[in-house]
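My entries follow, in the order I made them.

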Amino acid sequence: MASEPDYESILLVKPDINVYRIPPRASNRGYRAADWKLEQPDWVGRLRITARGKVAYIKLEDKVSGELFAQAPVEQYPGITVETVSDSSRYFVIRIQDDNGRSAFIGIGFGDRGDAFDFNVSLQDHFKWVKQESEISKQSLCPDLTPKLDLGFKEGQTITLNIGQTKKKDKPRPQGTGGLGLLPPPPGGRLLDLDGSSSIPTQSLSNPGADLWGEFSSPASSVSTTNPESSSGNWVQF
């Protein structure tokens with residue numbers, strides 16, 4: 001276990017503090033500053049709060065020489081070491097200890113409410129830091145029990161990577177004779193010979209009205225076998 005640091009940091013200094021001897025507390029009620037002789041403090045000096053590791057120390061010192069009058073080690077706040085009184089925000093009860101471990105409760109008071117507020121905040125901030133450090137320490141000591149995702153390869157396992165995108169193949173164009181892309185002839189038709197000769201039958205040349213592509217049957221709907229007007233040059237009536 002790591003030892004506490006041996007250096008001491010200063011959290012707060014107030015030049016004026018009054019110290020009182022206080023009567024024993026009644027069993028069913030808190031401390032009341034009105035029960036003290038507030039106009040006749042038993043000692044006057046300065047207050048200094050320091051910190052060594054997790055423990056804060058409220059020190060009462062002589063204003064001139066800095067000699068220590070009493071100190072109260074604070075291991076928890078709020079707690080029994082520092083308590084507020086029920087009738088004022090400027091007075092507190094602290095538990096002081098000597099080098100032999102003996103303890104006593106005394107009253108302290110500030111002349112200004114702002115000083116009493118600073119006294120409160122300095123202790124709160126210190127123990128907020130202590131709590132954060134404790135949580136960080138617990139997290140570092142406790143192992144993470146959540147299941148881990150196994151991304152490693154098993155023995156004999158391989159993986160295939162397809163780098164890049166496969167280009168879409170163009171569809172081949174229909175090729176005719178000579179690679180000119182001519183369409184195939186219609187059924188029953190004939191191709192023109194591109195070398196100068198013609199494969200068109202002599203009958204087609206002697207009859208200009210003949211269909212070069214062969215004979216096609218007319219749609220049944222275009223010719224009427226019963227209407228004599230269908231053979232004339234008139235349009236078919238619809």
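I counted two strands as paired if DSSP finds at least two bridges between them. Helices (H or I, at least four residues) and strands (E, at least two) are DSSP runs, numbered from the N terminus.

This is a predicted model, so I kept to its limits: local features need pLDDT of at least 70, side-chain atom pairs count only at pLDDT 80 or more, and totals for chains, interfaces and linings use all residues. Residues are numbered from 1 along each chain as its sequence is written, and side-chain values use heavy atoms, with hydrogens and water left out.

**Entry 1: overall layout**

I found two helices and seven strands in the chain. From the N terminus the order is β-β-β-β-β-β-β-α-α. I then looked up burial, where buried means under 20% relative accessible area, exposed over 50%, and partly exposed in between (1.4 Å probe, protein chains only). Of the 238 residues in the chain, 21% are buried.

**Entry 2**

Strand 6 and strand 7 run antiparallel and are joined by seven bridges. I noted Tyr91 opposite Gly109 in strand 7. The hairpin of these two strands has five residues between them, and Gly101 there takes a positive phi near 90 degrees.

Strand 7 (residues 103-109) also pairs with strand 1 (residues 9-21), antiparallel, over four bridges. In that pairing I found Val19 bridged to Ile108.

**Entry 3: strand 2 and its partners**

Which residue in strand 2 is the bridge partner of Val19? I found Trp43. Eight bridges join strand 1 to strand 2, and the two run antiparallel.

On to strand 3 (residues 55-61): seven bridges join strand 2 to it, again antiparallel. Arg46 has Glu61 as its bridge partner in strand 3. The hairpin of strand 2 and strand 3 has two residues between the strands, and Gly53 in the turn shows a positive phi of about 70 degrees. I checked cover too: seven of the ten residues of strand 2 are buried.

**Entry 4: Arg48**

I picked Arg48, which sits in strand 2 (residues 43-52). Its side chain makes a polar contact with the side chain of Glu61 at 2.6 Å. A polar contact is a pair of N or O atoms within 3.5 Å; within protein, one must be able to donate a hydrogen and the other to accept it, and residues adjacent in sequence count only if both atoms are side-chain atoms.

I then listed contacts, meaning heavy atoms within 4.5 Å. Leaving aside neighbours within four places in sequence, Arg48 touches Ile10, Leu12, Val13, Tyr57, Ile58, Lys59 and Glu61.

**Entry 5: aromatic rings**

Rings of Phe, Tyr and Trp (its six-membered ring) pair if their centres lie within 6.5 Å; planes under 30 degrees apart count as stacked, over 60 as edge-to-face and the rest as tilted. I found seven aromatic pairs in the structure. One of them, Trp43 with Phe69, is stacked, at 4.3 Å centre to centre and 5 degrees between the planes. Trp43 lies in strand 2 and Phe69 in strand 4 (residues 68-74), so this pair ties together parts 26 residues apart in sequence.

Phe92 and Phe119 have ring centres 4.8 Å apart and planes at 50 degrees, so I logged the pair as tilted. Phe92 is in strand 6 (residues 91-97) and Phe119 in helix 1 (residues 113-141), 27 residues apart. Both Phe92 and Phe119 are buried. Last, I noted one aromatic cluster formed by Tyr20, Trp36 and Tyr91.
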